[in-house]
There are 2 protein chains.
Amino acid sequence: MKVDDKKRNRYIKDLKENCLLKDLDQEEINILLKEISEESWPKNTCLIDREKVRRRFHFIIEGRLKIYKLDPLTGREFTLFLLSRNDVFDVLSLLDDYEHDVFYESLDRVTILTVPLEIMRKWIEIYPVINKNLLPYLAVKMRQVEEYAAGIILTDIPTRLAKLILSNINSTSHKLELINDLSDEELAHLIGSTRAVVNRHLQEFKKDGTLNVGRKKLEIRDLELLLRKIEKKE
Amino acid sequence: MKVDDKKRNRYIKDLKENCLLKDLDQEEINILLKEISEESWPKNTCLIDREKVRRRFHFIIEGRLKIYKLDPLTGREFTLFLLSRNDVFDVLSLLDDYEHDVFYESLDRVTILTVPLEIMRKWIEIYPVINKNLLPYLAVKMRQVEEYAAGIILTDIPTRLAKLILSNINSTSHKLELINDLSDEELAHLIGSTRAVVNRHLQEFKKDGTLNVGRKKLEIRDLELLLRKIEKKE
DNA sequence: CTCGATCTGATACCTAAGTAGTAGGGTCTG
DNA sequence: CAGACCCTACTACTTAGGTATCAGATCGAG
């Protein structure tokens, strides 16, 4: 087996798992593959090159990438989406031609498969399965942002922090994942707060035995306690 | 012309203007009309009957309707979308089968045309034009919620209030519309704040000559001033 | 016209969260 | 292993926004 064939098989596997493409059959995937190319970005790279995001559509194969808003005045930042394997971006660029006023930054080394936007749009028309996946995908994202906004207004920071942690527990391993190795700052961005405040509350969670907190290391120590923190607010 | 024909023609006109159906031709509209029925809700009616919203899809013909989140504990409320003529709801019910955790309430007497959800979903498949309108429509809503969340985190209340007002100026008449007759409470819900706080800032806007404020009456007095309020924060 | 409901305008108070600053580990790199 | 840099932990301070309450308007139903 040639190296190229090996790669090709990896790509096929990757695409078949992707949230939008998963229901395509082998034949169709093969066709798509012709237009797709691989790309990698190093850790903590900010994609200032907006053009690239506007003109191509990306499937994430590996690594985490955040989509965030930035207040140019205060420099304050907050994360809208934390994307990882099998996710895509930027879905908004598929839907219309207006600018999406956000930034993109890799949190790990990120590997993606990428295709020209126009082609992806055409695929959606040609293969109804993609459109069928697209709609519920949009629903998920929509709900997510709605909950986000609701949380900010209705919920205090300790609760939001607890919810963030709870929603990132792997259902099989019961371990914290995806956010367990982030700095306090990144955690803050995920709940719309600031480094200092998040740390303040993490200290409390640590003191009362809910969490183990280390340098870029979060661990749940007492799940019951954590659950109680959000329940008593509900 | 019979009364029924008159109504029928009104419906046709209504549907042809609707954000999702606008690009259908006469023939197609006629087909759709067979499945559609009219309904009216009085002012300030809360649609607690979630079933109805989950099983039918609605086109707004007249009146304003808000989609809002509610914190059952504090009773605090905040408006996600303020819908009016030519808008639809609930678009999320089209996309998947999960519950949409929101409430609906009419702000005026609201008239809608309504169709079973299943049929609307089928139409989207049958008439590609609808799907073509649906995607950019979703983009608009998505951006709106994203901006909403961003605003809450990054922007103080006077600025959000000013932005709310600015974004509701009719482009031709230059008059405030859609929110000009709301109570302070409803305004508060629209920016994720509370009655008292909104009033506090409205008083200032009034004092410095930006607005005329009356009982359920908002008027812009000095547009320049209003603009400056959001610019200096940007 | 009157009564009750609703909305406004104003006061005073409280608190969570943002800000600033600082000291001390850790980690990485040359 | 030295220095730079990044993270964390903690303290002290400020403040915008939420809460509570009340009195006076305004409205509308009967």
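User: How many other C-beta atoms lie within 10 Å of A:Asn86?

Analyst: There are 17 such atoms, so A:Asn86 is partly exposed. The general idea is a count: a residue is buried if 20 or more other C-beta atoms lie within 10 Å of its own, exposed if 12 or fewer, and partly exposed in between, with C-beta atoms placed from the backbone. A:Asn44 counts as exposed because it has 10 C-beta neighbours inside 10 Å. Please note that this is a predicted model, in which local features need pLDDT of at least 70 and side-chain atom pairs count only at pLDDT 80 or more, while totals for chains, interfaces and linings use all residues. Residues are numbered from 1 along each chain as its sequence is written, and chains are lettered from A and ligands numbered from 1 in the order in which they are written.

User: What is the phi of A:Asn86, and where is A:Asn86 found?

Analyst: Most residues other than glycine have a negative phi, and most peptide bonds are trans. A:Asn86, however, has a positive phi near 80 degrees, and this residue is found in the loop between S4 and S5 of chain A. Such elements are DSSP runs numbered from the N terminus: helices (H or I) have at least four residues and strands (E) at least two. A:Asn44, also not a glycine, has a positive phi of about 55 degrees; A:Asn44 is found in the loop between strand S1 (37-41) and helix H3 (50-55) of chain A.

User: Which residues does the cis peptide bond of chain A join?

Analyst: In chain A, the peptide bond from A:Phe89 to A:Asp90 is cis, with omega near 0 degrees. A:Asp90 is found in the loop between strand S5 (88-89) and H4 of chain A. In chain B, B:Phe89 and B:Asp90 are joined by a cis peptide bond with omega of about -5 degrees, and B:Asp90 is found in the loop between S5 and helix H4 (91-95) of chain B.

User: How many bridges join S3 of chain A to S4(A)?

Analyst: Strands pair if DSSP finds at least two bridges between them. Strand S3 (residues 65-70) of chain A and S4(A) run antiparallel and are joined by 6 bridges; A:Leu65, for instance, has A:Leu83 in S4(A) as its bridge partner. The hairpin of S3(A) and S4(A) has 6 residues between the strands, and there A:Gly75 takes a positive phi near 75 degrees. S3(A) also pairs with strand S6 (residues 103-106) of chain A, in the antiparallel sense over 4 bridges, and in S6(A) the bridge partner of A:Leu65 is A:Ser106.

User: In what order do the 4 strands of the open sheet of chain B lie?

Analyst: Their order is S1-S7-S2-S5, with antiparallel pairing. Strand S1 (37-41) and strand S5 (88-89) of chain B are the edge strands, each pairing on one side only. Within the sheet, 6 bridges join strand S2 (residues 56-62) of chain B to strand S7 (residues 110-116) of chain B, and B:His58 has B:Thr114 in S7(B) as its bridge partner.

User: How many residues of chain A are in contact with chain B?

Analyst: Two residues are in contact if their C-beta atoms, placed from the backbone, lie within 7 Å. By this criterion, 26 residues of chain A are in contact with 26 residues of chain B. Strand S4 (77-83), helix H4 (91-95) and helix H6 (128-154) of chain A each supply at least two residues of the side that touches chain B. H6(A) gives the most, with 14 residues. Because 100% of the interface residues of chain A are also interface residues in chain B, the copies meet through the same surface.

User: Which residues are closest to DNA strand D?

Analyst: A residue is near a strand or molecule if its C-beta atom, placed from the backbone, lies within 6 Å of it. DNA strand D is surrounded by 17 residues, the closest being A:Ser183, A:Asp184, B:Asp156, B:Ala196 and B:Val197. Helix H9 (195-207) of chain A and helix H9 (195-207) of chain B are the elements that give two or more residues to this surface, and H9(A) provides the largest share, 4 residues.
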